[in-house]
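Please consult the sequence and the structure shown here before reading the briefing.

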Amino acid sequence: RPPRSRSDRCHLNYHPPMPDQRTFQAPRGTRDFYPEEMAVRRHIEGAWRRASIDHGFEEVDGPTFEHLELYTVKSGEGIVNELFSFTRAGGESVYALRPEFTPTLARMIAARGTSLPVPVKWFAIPNFFRAERPQRGRLREFFQWNIDLVGLGGAATDAEVIAVAITALERLGLTSSDVVVRISHRRAVANLLRRLGVPEERQAGAFELLDRRDKIEPDVFAERAAALEITGDMLERFDRLARAEVPVSEGIQALAQQAEASLDDLDDLRDLGRALDAAGIAEWCVYDLGIVRGLAYYTGTVFEIHARTGAERAVAGGGRYDGLVQLFGGPPMPACGFGMGDVVLGLLLEERGLLGGEQGHASLLPRPDAFLISAGAEDAEALLPRLAGDLRRSGLHVRHSYRTTRNVGKLLGEASRTRARYAVILGNELSSGLVALKDLESGVQREVPVSEVATAVRSMTSAGAT
């Protein structure tokens, strides 16, 4: 080991190298949440939670891992390759980290059965794990907002679920010009496929192909359609069906004309359109017969929320899954819900400048009400920790410097960097029982009695908020 220089030995931050020292990075497809990143996450989760509660949903959660069979019962053995699964040491049971919340929710409802009040309106914001290749908008660990309304059927219920998602997006600053809710109905699409001549035994393949409409090239689309014996004129009509898209505000007649369908085949979508209009959210929505959602447990309404630009993956997706609770041993119960992940939504909000804008993510961090500054006098040094405690106990967010300097100018600069609203300066006025209270935005400063600091800060903060 080379000898250390004198400057090295004297440097306060010098640490001699450790034998066998190693460095580690976060696992691929995961994220570290430093304060600013955590502020973004809490900002998004806060909008989700407020929208849920305002619409009458109650928060639940479940275990981070479940028995593997919970996922294979719903999705088949093929899902195993998408899961992080493990066997307990010395045990035989196989478990999997949760890739989604719907199976856990169905299990929880089935366990309580008819003892639950109907409708069941639950929401959750858990973290999930998927063993897939990380890419833009898709990670191996992520957070997702889940909304589920169980026990009620009908288009009005489906519209209520969609309305919760729109409320959260609005509160995050997005508008109907930024995102679109693409809605469809699996029964309506099945009716159209039958009229097209697709037999029942090939409908599952046709649904899967529709679901991949925007993910594959036209020639590959035609090739896979041919494997389902959809060729010639039938292929042209199938392609028009896959791309039939009409704003809900234009009405179901326009969709029927574009898809070459009868109005009877689109009854379910017509009812949903009316419910969306009654809920005041039709302007956010378009009919899109290419939306069928790949999961087979969907039974009726299906929808996805996308950025208008189409630059990202779906922000959210969901629909009606009326048979799932019964599949997990519970009573027959209609159900509708959706999941909205934080990764794609975060990318969209960043693109729109809705995560702090020019001020950056730091502007989303909690803002201190007061920053205490000691001008260096002995009585100030003694008072600062006690005053900080008193203000915190009164419900204020209070910080102070840990620096040794007592240069008031430098400390005011530090207070401004924390975005504190007010500085409480403990200076020469203490001899008269006073402190200087400075508004860090306007620069206005006045003296107040020490005993009235909390009241003064609270009243000034309230006045500033109004």
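**Backbone geometry, packing and burial**

Glu260 is found in the loop between α10 (252–259) and α11, where helices (H or I, at least four residues) and strands (E, at least two) are DSSP runs numbered from the N terminus. Although Glu260 is not a glycine, its phi is positive, at about 55°. The model is a predicted one: local features need pLDDT of at least 70, side-chain atom pairs count only at pLDDT 80 or more, and totals for chains, interfaces and linings use all residues. Residues are numbered from 1 along each chain as its sequence is written, and side-chain values use heavy atoms, with hydrogens and water left out.

**Other backbone features**

- Arg419 is not a glycine, yet it has a positive phi of about 65°.
- The loop between α15 (408–417) and β16 (422–426) is the place of Arg419.
- With a relative accessible area of 25%, Arg419 is partly exposed; on this scale buried means under 20% relative accessible area, exposed over 50%, and partly exposed in between (1.4 Å probe, protein chains only).
- Val118 and Pro119 are joined by a cis peptide bond, with omega at about 5°.
- Pro119 lies in the loop between α4 and β5 (120–124).

**Helix α4 and its end**

- Helix α4 (residues 102–112) is mostly covered, since eight of its eleven residues are buried.
- The buried residues in α4 are Thr102, Pro103, Thr104, Leu105, Ala106, Met108, Ile109 and Ala110.
- Gly113 follows α4 and has a positive phi, near 55°.

**Packing of α5 against α11**

- Helix α5 (residues 155–171) and helix α11 (residues 267–278) pack with their axes 8 Å apart, at an angle of about 50°; axes are lines fitted to C-alpha atoms, for helices over the stretch in contact, and angles run from 0 to 180 degrees between N-to-C directions.
- The two helices, α5 and α11, are therefore oblique to each other; angles under 35 degrees count as roughly parallel, over 145 as roughly antiparallel, 65 to 115 as roughly perpendicular and the rest as oblique.
- The crossing in which α5 passes α11 is right-handed; a crossing is right-handed if the near helix is turned clockwise from the far one by less than a right angle, and left-handed if anticlockwise.
- On the α5 side, Ala155, Ala156, Asp158, Ala159 and Ile162 meet Asp271, Leu272, Ala275 and Leu276 of α11, contact meaning heavy atoms within 4.5 Å.
- The contact of α5 with α11 has, by class, seven nonpolar, no polar and two charged residues; Ala, Val, Leu, Ile, Met, Phe, Trp, Tyr, Cys and Pro count as nonpolar, Asp, Glu, Lys and Arg as charged, and the others, Gly among them, as polar.

**Packing of α6 against α7**

- The axes of helix α6 (residues 186–196) and helix α7 (residues 200–211) cross at roughly 120° and come within 11 Å.
- These helices, α6 and α7, are therefore oblique to each other.
- A right-handed crossing takes α6 past α7.
- Arg186, Val189, Ala190, Leu193 and Arg194 in α6 meet Glu200, Gln203, Ala206, Phe207 and Leu210 in α7.
- By class, six nonpolar, one polar and three charged residues make up the contact of α6 with α7.

**Aromatic pairs**

- Rings of Phe, Tyr and Trp (its six-membered ring) pair if their centres lie within 6.5 Å; planes under 30 degrees apart count as stacked, over 60 as edge-to-face and the rest as tilted.
- By this rule there are nine aromatic pairs.
- The Phe221 and Phe238 rings are a stacked pair, because their centres are 5.6 Å apart and their planes are at 20°.
- This pair links distant parts of the chain, with Phe221 in helix α8 (residues 218–227) and Phe238 in helix α9 (residues 232–242), 17 residues apart.
- Phe221 and Phe238 are both buried.
- The Phe303 and Phe338 rings have centres 6.2 Å apart and planes at 65°, so the pair is edge-to-face.
- Distant parts of the chain are linked by this pair: Phe303 is in strand β11 (residues 301–307) and Phe338 is in strand β13 (residues 335–341), 35 residues apart.
- Phe303 counts as buried at 0% relative accessibility, and Phe338 is buried with a relative accessible area of 4%.
- A cluster of Trp48, Trp145, Phe303 and Phe338 is linked by ring pairs.

**Pro35**

- Pro35, in helix α2 (residues 35–54), counts as exposed at 57% relative accessibility.
- The C-alpha atoms of Pro35 and Glu170 are separated by 25 Å, and the two residues are 135 residues apart along the chain.
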